[in-house]
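Please look over the sequence and the structure before reading on.

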Amino acid sequence: MTIFNLGSINADFVYRVPNIPAPGETLASTDMKKGLGGKGANQSIAAAKAGASVVHIGSVGQDGDWAIEELAAEGVDVVHIQKIDAPTAHAIITVARSGENAIVLYPGANKLQDTDGIEEALSEATEDDTLILQNETNGAVTAAWIARSRNMRVIYSAAPFELSAAKEMLPIVDLLVVNEVEEAQLIKALGGNPDVPEILVTKGEHGAEWRNRAGDVVTVPAFDVDAVDTTGAGDTYLGYFVANLDNGLSLEDAMRQAAAAGAIMVTRHGTAEAVPSAADVSKFLDSATQ
């Protein structure tokens, strides 16, 4: 079984600041680091570290060899990452002492990849495989329909939130992943709950809740940790969650391990390089309480 992830690849420029800048405010950063990021790259690395077979489908510029190499070093299959004549995407991330962040994203190559390459990558997939999608790339709807034609499981994270993109994806997905704010925006826009087979709502320090059309509900609380940086925590959660399901864990166990991975992530600075290993998660669970 393989997880295919049509996902973004970014260069993250992370600035440590006393607080998130207010409009018109100028702040001096106490530190700056460049690293690999993007929701897609973070998810792929998390899933690979959780023990899944992961194929990343994405796009970088001619300056993006370093990003491909870092993904490969984490065990991600990078054969279907395209190099195109556009800048590699990047994000400007400000992280406050509280751990909260604010992000400005330049999509670059993420939004310009060739959909023929997406089709070629998914031609290798089978009904036992899973496709992960989010809103930081082009081609998501095309990929979802290809996956549906191959009887793959389609998991869609509606982030960064775009109402039009979410509405287009809802008829195709098996599992919709949103945070509380995104769920509220969807409910308001649709006039009711999204009509999808399954939904996973992440609630930060309040844990996560899974529901299906039959009315079943599974709720798993978050772990109590001191957060220093929330960047990439949701991506880490989702990567671990999908990998855990792929590895045959029960829904509740998959959510608990994902919660542990997310909890570890927020205690670390950084993005892709901060994603915890399976050994880290196992050790954390042995000593933690929820």
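The model is predicted: local features need pLDDT of at least 70, side-chain atom pairs count only at pLDDT 80 or more, and totals for chains, interfaces and linings use all residues. Residues are numbered from 1 along each chain as its sequence is written, and side-chain values use heavy atoms, with hydrogens and water left out. Helices (H or I, at least four residues) and strands (E, at least two) are DSSP runs numbered from the N terminus.

**Nine-stranded sheet**

- Nine strands make up an open sheet with mixed pairing, in the order E5-E4-E1-E8-E9-E10-E11-E12-E13; two strands pair if DSSP finds at least two bridges between them.
- Strand E5 (81-84) and strand E13 (217-220) are at the edges with a single partner strand each, so one side of each has no neighbour in the sheet.
- From one strand to the next, the twist averages 15 degrees.
- Strand E12 (residues 208-212) pairs with E13 in the antiparallel sense over four bridges.
- Arg211 has Val217 in E13 as its bridge partner.
- Helix H8 (residues 251-266) lies across strand E11 (198-202), E12 and E13, and runs at about 30 degrees to E13.

**Four-stranded sheet**

- Another open sheet has four strands in the order E3-E2-E6-E7, and its pairing is mixed.
- Its edge strands are strand E3 (31-37) and strand E7 (101-106), each of which pairs on one side only.
- The twist here averages 20 degrees from one strand to the next.
- Strand E6 (residues 89-95) and E7 run antiparallel and are joined by six bridges.
- Val95 has Asn101 in E7 as its bridge partner.
- Helix H2 lies across strand E2 (10-16) and E3, running at about 70 degrees to E3.

**Packing of H1 with H7**

- Helix H1 (residues 39-49) and helix H7 (residues 233-246) pack with their axes 7 Å apart, at an angle of about 40 degrees.
- Axes are lines fitted to C-alpha atoms, for helices over the stretch in contact, and angles run from 0 to 180 degrees between N-to-C directions.
- H1 and H7 are therefore oblique to each other (angles under 35 degrees count as roughly parallel, over 145 as roughly antiparallel, 65 to 115 as roughly perpendicular and the rest as oblique).
- The contact (heavy atoms within 4.5 Å) is made by Lys39, Asn42, Gln43, Ala46, Ala47 and Lys49 of H1 with Asp235, Thr236, Leu238, Gly239, Tyr240 and Ala243 of H7.
- Five of these residues are nonpolar, four polar and three charged; Ala, Val, Leu, Ile, Met, Phe, Trp, Tyr, Cys and Pro count as nonpolar, Asp, Glu, Lys and Arg as charged, and the others, Gly among them, as polar.

**Packing of H7 with H8**

- The axes of H7 and H8 come within 8 Å and cross at roughly 150 degrees.
- This angle makes H7 roughly antiparallel to H8.
- Residues of H7 in the contact include Tyr237, Tyr240 and Phe241, and those of H8 include Leu251, Met255 and Met265.
- By class, the contact of H7 with H8 has 13 nonpolar, four polar and no charged residues.

**Salt bridges**

- There are 11 salt bridges in the structure, each a side-chain nitrogen of Lys or Arg within 4 Å of a carboxyl oxygen of Asp or Glu.
- Lys49 forms a salt bridge with Glu74, and the closest N and O atoms are 3.9 Å apart.
- Lys49 is in helix H1 and Glu74 is in the loop between helix H2 (65-73) and E5, so the pair ties together parts 25 residues apart in sequence.
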